[in-house]
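Colleague: Could you walk me through this model? I would like to start with how its parts meet.

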Amino acid sequence: MKNLKTTITIAKGDGIGPEIMDATLKILYAAGAQIETEEIEVGEKVYLSGNTSGISKASWDVIRKNKIFLKAPITTPQGGGYKSLNVTTRKFLGLYANVRPCVSLYPFVETKHPKMDIVIVRENEEDLYAGIEHQQTDEVVQCLKLISRPGCEKIIRYAFEYAKQQNRKKVTCFTKDNIMKQTDGLFHQVFDEIAKEYPDIENEHWIIDIGAAKMADTPEAFDVIVMPNLYGDVLSDVAAQIAGSVGLAGSANIGEECAMFEAIHGSAPRRAGQNVANPSGLLQGAILMLNHIGQTEIAEKINNAWLKTIEDGIHTYDIYKEGKSKQKVSTSEFADAVIERLNQRPVQLKEANFSGNNYTMQLKPYQRKSPARKKLLGVDLFLHWSGLNPDELGEQLQSVGYDDKQLSMITNRGIKVWPEGFRETFCTDHWRCRFKANSDFTQEDIIKLMQKAREKGFDVIKTENLYEFDGKPAFSLGQGQ
Ligand code: NAD
């Protein structure tokens, strides 16, 4: 007979990881989950054995073979040199969507937001997490924020498909495109384009600062929220915390081939080995996993038993409240309490209803557009220059220009300081010097300008080409320009 069980890779991780993984698996098996597990070792032991990635080649092979990975939290050792395994896994396996439901369990778990029920969909592969950082001058370091059209399309389409599948009514986008017009601007633009394909789902965009404030104050105003990586990282923790506790939330990291499921919290080393940790976060991750592999009935059964356990006041220390909770339990006792309730449903809390849903998503594959008309208009030469007076720099650099390839502007940390800067503007040793032409500008002009700058003794630390795409200038102006 064909084996209908899905083999999943598991990693028990560090700290409280093994305890919450054992509790979670015990519940899954008791509920009849059709899974087999293959265990790998990742995390602290692997790091400390001298492998700075925290995972061996053999473990990667297992993860890629089974495609579904349930991971307990791991400890990243303090000190430089150790790469975050979470970030590496997400990027290596192309897990572009991080999905984190944050639902209030009021009145059984304290929260100021009894009606909260939101899902954060966070872009998981790019943005500032490309991890491309450089020191450029004595005083200035930089981190590249990379946002791509395929990255935006994939995550935004995922958010709308998720909303459709889960019968959610609205998708909100958070960006800071009033400041970052190119990067966050692209995310917002793609959101508007894709929203049009889903006329039955409401859509809106908020500037992230006021959006975040609104979410922290009135989360019930939101449903699904999609955002770039860094904002999503921060706000998904805020959302989990204001729903009740970071200890209660799980997340899914979804890719085209593989998927990883986890609790959102860390390995809580101080609680390790005491059998006190709350296994709910990892259990929620496992419920997302069961839905993902089509075992929706089991997922529903477990979630309802879990809700009933919480409702019955059976709480681990982190959510236990004297007078409100009924019994303070250990990790394993909590798991047993969920197992005892496997055929029960919550009375007050909203029942889970997953059965019959098809959770497998067929997303339209990304289609590269035909290339735009791209024209070079000039170049920004970035200099390490220790002088203080921008007028002096402007004067010296004017002799670097030739023909109509002339210096048009100097900025310092983005603000225009030449021509006609303000005496009050504070300047570092990092200067962006923009050369443009009235006529054609070529790659050879860039090399010639760099060469001339070198001959005058300038330290050119990098260049950025200034392009227009399809007739539209595609670079930021200087602030104050
Ligand atoms: P943490 O989430 O481990 O702990 C923060 C606080 O929450 C602690 O006070 C802890 O007692 C409590 N807590 C967390 N999970 C709990 C649970 N299930 N039940 C009860 N209480 C719980 O965060 P941290 O202390 O900043 O990080 C510890 C380690 O975890 C670090 O090495 C960090 O790198 C790692 N980490 C791993 C992941 C992951 O693997 N996904 C995520 C975050 C942090």
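Modeller: Happy to! One term to begin with: buried area is the accessible area (1.4 Å probe) that two parts lose on being put together, summed over both. This is a predicted model, in which local features need pLDDT of at least 70 and side-chain atom pairs count only at pLDDT 80 or more, while totals for chains, interfaces and linings use all residues. Residues are numbered from 1 along each chain as its sequence is written, and side-chain values use heavy atoms, leaving out hydrogens and water.

Colleague: What area is buried between domain 1 and domain 2?

Modeller: An automatic or database domain assignment sets the bounds, with domain 1 at 1–111 + 244–366 and domain 2 at 121–219. The C-alpha centres of these two lie 26 Å apart. Carbon and sulfur atoms give 57% of the buried area, which is about 1900 Å².

Colleague: Which residues of domain 1 lose the most area to domain 2?

Modeller: Counting contact as heavy atoms within 4.5 Å, domain 1 and domain 2 each bring 19 residues. Three residues of domain 1 together make up 34% of what that side buries, and they are Y96, M361 and Y366.

Colleague: Which element gives the most to the side of domain 1 that touches domain 2?

Modeller: Helices (H or I, at least four residues) and strands (E, at least two) are DSSP runs, numbered from the N terminus. Elements giving two or more residues to this side are α4 (85–92), β11 (250–254) and β4 (97–103). With four residues, the one that gives the most is β4.

Colleague: How many residues apart in sequence are the parts tied together by E262 and K71?

Modeller: This salt bridge has its closest N and O atoms 3.3 Å apart. E262 sits in strand β12 (residues 259–263) and K71 in strand β3 (residues 68–71), so the parts they tie together are separated in sequence by 191 residues.

Colleague: Which residue has a polar side-chain atom 3.1 Å from a nitrogen atom of the ligand?

Modeller: The ligand is surrounded by 19 residues (a heavy atom within 4 Å). The side-chain atom you ask about belongs to N86.

Technical notes:
A polar contact is a pair of N or O atoms within 3.5 Å; within protein, one must be able to donate a hydrogen and the other to accept it, and residues adjacent in sequence count only if both atoms are side-chain atoms. A salt bridge is a side-chain nitrogen of Lys or Arg within 4 Å of a carboxyl oxygen of Asp or Glu.
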